[in-house]
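Subject: Structure handover

Hello,

Here is the structure I promised to pass on. Please open it alongside this message. My notes follow below.

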Amino acid sequence: VHEETDTTTGTKERFSRSGFILAAIGSSVGLGNMWKFPYITGLYGGAAFFLLFTICLLFIGLPVLMAEMTIGRGGRGSPAIALVRLSGQRLWGGFGVLSIAGAFFIMSFYAVVAGWTMHYAVLSFGGVIHEGVDVAATFNNFIGGFLPVLWQFIVMVVTGWIVIRGASGIEKFNKVLIPALVLILLFLMVRVLMLPGAGTGVEFFLKPDFSKLSNESVLVALGHAFFSLSLGMGTMMTYGAYVDREQSLGGATLAVGGGDLLYALLAGLIIFPTTFAYGIEPGQGPGLAFVALPAAFSAMPVGWLFGGLFFLLLAIAALTSCVSLLEVPIAYAIDRWGWGRNKATIVTCSLCFLVGIPSAISVGGAAQGLHWGSRSFFDWTDFIASNIILPLGGLVVTIFVGYVWKNAAKEAGLTAGWFMLWLFILRYVAPILIVLVFLHTSGIIKI
Ligand code: PHE
């Protein structure tokens, strides 16, 4: 008899029902949808790519998301502990630790980019980015200096300050910021849709041209669906451990998936009309959000306000994801070594800050020694965490629920039909696709 029905073991942290859904939406809605998504959509096929992303998210992403939440609640603890508790086999603990390390490393560079968004919010509201300013030079000077380290530090402190209060702190924070995020999003969308020429952008984003798709598009779309839903990193398992028995996990999965998809849609409806109205190339890479868009915003009347709101939006989205990332190693330290939350938070934040410093100073070339091959320290961390650990973490989850954990059905609480479909995807569809994504993004095969 496994322990998943025993409510007395495991963590005592609890979310309220809406608190859990908001926190999980906060985790998934992040820099991924605003910073990465638009430029990969630009690169890999526009509207057809968005459609592909939607399909991947619904048919592969949601079942895996559901699996993570189910493992978390069933095992009532940090992924490393939950997987061992549910299987009775120590080996699974090692896989759990892999995801936890992934969350830690993502956090180390994600906090850097979160810091950039805060810096840019201040620059925009402060009127520093106005028409005529060389935005590319502004960005290069900024990331080439040491200011990013200061902002990274601020992000770590703010995130730590929220997470140190546990599930109830995380929940309160998300309950305030998610509605704020939605309001800013809608406000900006209405503004940019009124720009002359916005229609071309909407068309690029929503009118599919399937000839633009390649095999690579499929793998990129699936990889991004995973990143966007915060899968493979133990976040949804960790949050799942704080959910009470009465909550419907199927309902939560739909709410989080729907929220993330809606956010991606609205993000696209902000970015593409803006880029097309100002004649910017959307497939230009990661600089899109920090170089091209500030230029566009500064050319609008009262541009400081729109630019400022855009970066505030990014900062909020980033922070709510940071909170979920940081909670993963913290929960592990608490569950595994019996540390108090204060100690766990302070130690994790400090370590993560230190590991992130080389990322913060390696993007702009301030520290040329931090480049190996074609990648900087920042790029390596991103590559290893997002392209190697994330798909492996996702694979572990599908195999665990698909083949190892025999009582998943009971914990998931799905009707027989949905359960069969869920299991079918976890057993036969998701693992194959995840392995392909892994082989592709790790560079082992070229498609
Ligand atoms: N989902 C977040 C985003 O889209 C990133 C993230 C990945 C957060 C993995 C937690 C875990 O930006």
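How many helices and strands does the protein chain have? The count is 18 helices and two strands. Please keep in mind that this is a predicted model.

Overall shape first. The C-alpha trace spans about 70 × 50 × 45 Å along its principal axes. The radius of gyration of the protein chain is 21 Å. A compact globule with 447 residues would have a value near 22 Å, so the two agree.

Helix 3 with helix 10
- Helix 3 covers residues 46-75, and helix 10 covers residues 215-228.
- Their axes come within 8 Å and cross at roughly 55°. Helix 3 is therefore oblique to helix 10.
- The crossing of helix 3 and helix 10 is right-handed.
- Helix 3 brings Phe 49, Leu 52, Phe 53, Cys 56, Leu 57, Ile 60 and Gly 61 to the contact. From helix 10 come Ser 217, Val 218, Ala 221, Leu 222, His 224, Ala 225 and Phe 226.
- In this contact of helix 3 with helix 10, 11 residues are nonpolar, three are polar and no residue is charged.

Helix 3 with helix 12
- The axes of helix 3 and helix 12 come within 9 Å and cross at roughly 145°.
- This crossing of helix 3 and helix 12 is right-handed.
- On the helix 3 side, the contact residues include Phe 50, Thr 54, Leu 57, Gly 61, Met 66 and Arg 73. Among those they meet in helix 12 are Leu 249, Ala 252, Val 256 and Gly 268.
- The contact of helix 3 with helix 12 has 11 nonpolar, seven polar and one charged residues.

Helix 1 with helix 12
- Helix 12 covers residues 249-277. Helix 1 packs on helix 12 at an angle of about 40°, with the axes 9 Å apart.
- The crossing of helix 1 and helix 12 is right-handed.
- Phe 20, Ile 21, Ala 24, Ile 25 and Ser 28 of helix 1 meet Ala 252, Ala 255, Val 256, Gly 259 and Asp 260 of helix 12.
- The residues in this contact of helix 1 with helix 12 are seven nonpolar, two polar and one charged.

Best wishes

Terms used. Residues numbered from 1 in each chain as written. Predicted model: local features only at pLDDT ≥ 70, side-chain atom pairs only at ≥ 80, totals over all residues. Axes fitted to C-alpha atoms, helices over the stretch in contact; angles between N-to-C directions. Helix = DSSP H or I, 4+ residues; strand = E, 2+ residues; numbered from the N terminus. Parallel < 35°, antiparallel > 145°, perpendicular 65-115°, else oblique. Left-handed = near helix turned anticlockwise from the far one by under 90°. Contact = placed C-beta atoms within 7 Å. Nonpolar A, V, L, I, M, F, W, Y, C, P; charged D, E, K, R; others polar. Rg over C-alpha atoms; globule rule 2.2 N^0.38 Å.
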